[in-house]
Amino acid sequence: MLKKYTFDIFYEPMEEGGYLVIVPALPGIVTYGEDLEEARLMALDAIKCHCEGLLKDGEPIPDNSNDLP
């Protein structure tokens, strides 16, 4: 059975339009979307790819679900 992970995702509106997205628990993930839905989808794809890479390298996947209220 696959473990479910929870990550905080932060969206920052850009002055020129669109949203910058970062995932603090996964350093190096920075992506962009022209609107919130595209930004969310880009973040999910980046998280998936990052986690697949961690697993391939035998590294643990960080989980910040314990940080949630």
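Here are a few questions and answers about this predicted model.

Reader: Hello! How many disulfides does the structure have?
Author: Good place to start. A disulfide needs two cysteine sulfur atoms within 2.5 Å. The sulfur of cysteine 49 has its closest cysteine sulfur in cysteine 51, 9.6 Å away, so that pair is too far apart for a bond. Cysteine 51 is likewise in no disulfide, and the count comes to 0.

Reader: Is cysteine 51 buried or exposed?
Author: Residues under 20% relative accessible area count as buried. Cysteine 51 has a relative accessible area of 10%, so this residue is buried.

Reader: And what does cysteine 49 count as?
Author: Cysteine 49 belongs to helix H1, which covers residues 36–56. Values between 20% and 50% fall in the middle class. Because its relative accessibility is 44%, cysteine 49 counts as partly exposed.

Reader: How far is cysteine 49 from isoleucine 29, going by C-alpha atoms?
Author: Along the chain, cysteine 49 and isoleucine 29 are 20 residues apart, and their C-alpha atoms are separated by 9.9 Å.

Reader: Which residues form a nonpolar patch on the surface?
Author: Phenylalanine 10, in strand S1 (residues 10–13), is one of them. This residue counts as partly exposed because its relative accessibility is 46%. The patch has about 270 Å² of accessible area together, and its residues are Phe10, Ile22 and Val30.

How values were computed: Residues are numbered from 1 along each chain as its sequence is written. This is a predicted model: local features need pLDDT of at least 70, side-chain atom pairs count only at pLDDT 80 or more; totals for chains, interfaces and linings use all residues. Side-chain values use heavy atoms; hydrogens and water are left out. Patches are made of residues with over 30% relative accessible area and no salt bridge: like charges are joined within 9 Å, nonpolar side chains (Val, Leu, Ile, Met, Phe, Trp, Tyr) within 5 Å. Accessible areas come from the Shrake-Rupley method with a 1.4 Å probe; for residues, only the protein chains shown count as cover. A salt bridge is a side-chain nitrogen of Lys or Arg within 4 Å of a carboxyl oxygen of Asp or Glu. Helices (H or I, at least four residues) and strands (E, at least two) are DSSP runs, numbered from the N terminus. Buried means under 20% relative accessible area, exposed over 50%, partly exposed in between (1.4 Å probe, protein chains only).
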